[in-house]
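Hi,

Here is the structure I promised to pass on. Have a look at it first, and then read my notes below.

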Amino acid sequence: MPDVTLYDTRTRSLQPFEPRDPARVGIYACGPTVYARVHVGNARPFVVFSQLKRFLEHEGYGVTLVGNVTDINDKIYTAATAAGVPSDELAQQMAKAYREDTDRIGLGRPDAEPHATEYVPHIIELIQRLLDTDAAYVASGDVYFRVRTVDGYGELSRRDLEQMDQGEGVEGADLKEDPLDFALWKAWKEGEDTSWDAPWGRGRPGWHIECSAMAEALLGVEFDIHGGGVDLVFPHHENEAAQTFAARGRPLAKIWMHNGMLELASASGEAEKMSKSVGNIRGLHEVLDAVGGDVLILFFSSGHYRQPLAFSDERLEDARRSAERIRDAARRLVPGPSPDALRPHRDAFFDALRSDFNTAEALASLYGWIRDANRSEETVGSDDLREMLDVLGLEGLMAADEGPPAEATELAEAREAARAAKDWAEADRLRDELLAMGWVVRDGPDGPELVPAS
């Protein structure tokens, strides 16, 4: 296998990627909590780890990617109460919207997408194991993890033990043996409409134990890569690592891999994390309506996955122009092998990905390949470009440039007429009908134009 290195958050260093079984590489990437429709920042880990799977498969590994959905959580109860709907109904609606929105990116689905509600028996078994080993205790129907039973707690996040705040507020503070302890199980409270029976009382799981149980059930312990946004390092991933080690005596994962946050410029000019709680979000579906999946993938790939990435209409426009540059180059190619003179660019592309999955550097090599292909006086075959784009999930840019069908054109014209008449409901209906056909209307230099949705 080629040498691949990845940055491990726990050791704060580049580590060689050395799976025990190259044919069975396991990746677990934390997915969304489905209390609202996802924003574009939520899509970054989806893209990063979907691309990572494609790359490792290209390198000869067999990969199983697991991307969970958190559908038991305090935020879901709160949002459902505010909306006046049952919490399970809200979670199902938002999970469906998440799948639909991320489908439109065009990277396919993870191999498994477990929902926490499907794994409650596994969660209860794991909590019972922690109780049996005195790593956890019951208090008035709640169950708490004894943080100080784990040597090295805080190693992942590099936080001082005495300065840690589990983010649970005052909830359960009077029941904890130690303020550092965190909830594995929360006793049922009046007004909560979803709960489960357990040996210590009816209630629901805490957030952290859900992911430990789902990851172990699908990938075992000591699987290869645990991924997610850097905002999850503490407390979520720190607690996952601690409780699994306390229960099983082995690490949950070998490499902890975290992507940087998507950031927006605030009113003060300072960058801030895109967050529902801050209210500075752009819905993923809105961004996909505007630019499509290929452009969004190119935008995410333009920065190193570990670094924050600035989000703006200008950056999206840069990505759109890059997509057009690739499409234009692809139109000039013929099927078949690429010239040997271009091979150094292709090799540099994959070398960049082997060195901590540096998509930004890889794209620079891809653009170098296109530049020299455009200058070439000989016929250029498309194999190299197709291979590079496929790893990034951008193979659609190689597709023939086909115009929209007549039916889509008629719908677009009807939508423009509805907008001119300020019949917004009809315009939205026609937009959705176009989207179902795979087309969106965007503003072009000559006015509105139909382009593929992804």
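Into which domains is the protein divided? There is domain 1 (5–259), then domain 2 (264–402), and then domain 3 (406–452). Please keep in mind that this is a predicted model. Taken over C-alpha atoms, the centres of domain 1 and domain 3 are 41 Å apart.

Next, a pair of helices. Two packed helices are described by the angle between their axes and the distance between the axes. Helix H2 (residues 74–83) packs with helix H3 (residues 87–103) at an angle of about 105°, and their axes are 8 Å apart. Angles of 65 to 115 degrees count as roughly perpendicular, so H2 is roughly perpendicular to H3. On the H2 side, Ile-76, Tyr-77, Ala-79 and Ala-80 make the contact, and H3 brings Ser-87, Leu-90 and Ala-91. Of the residues in this contact, 6 are nonpolar, 1 is polar and none is charged.

Finally, the aromatic rings. A search of the whole structure gives 10 aromatic pairs. One of them joins Trp-185 and Trp-200: the ring centres are 5.8 Å apart and the planes are at 85°, so this pair is edge-to-face. Trp-185 sits in strand S7 (residues 182–187), while Trp-200 is in the loop between S7 and strand S8 (203–205), so the pair ties together parts that are 15 residues apart in sequence.

Happy exploring!

Notes. Residues numbered from 1 in each chain as written. Predicted model: local features only at pLDDT ≥ 70, side-chain atom pairs only at ≥ 80, totals over all residues. Heavy atoms only, no water. Domains from an automatic or database assignment. Axes fitted to C-alpha atoms, helices over the stretch in contact; angles between N-to-C directions. Helix = DSSP H or I, 4+ residues; strand = E, 2+ residues; numbered from the N terminus. Parallel < 35°, antiparallel > 145°, perpendicular 65-115°, else oblique. Contact = heavy atoms within 4.5 Å. Nonpolar A, V, L, I, M, F, W, Y, C, P; charged D, E, K, R; others polar. Phe/Tyr/Trp six-rings, centres within 6.5 Å; stacked < 30°, edge-to-face > 60°.
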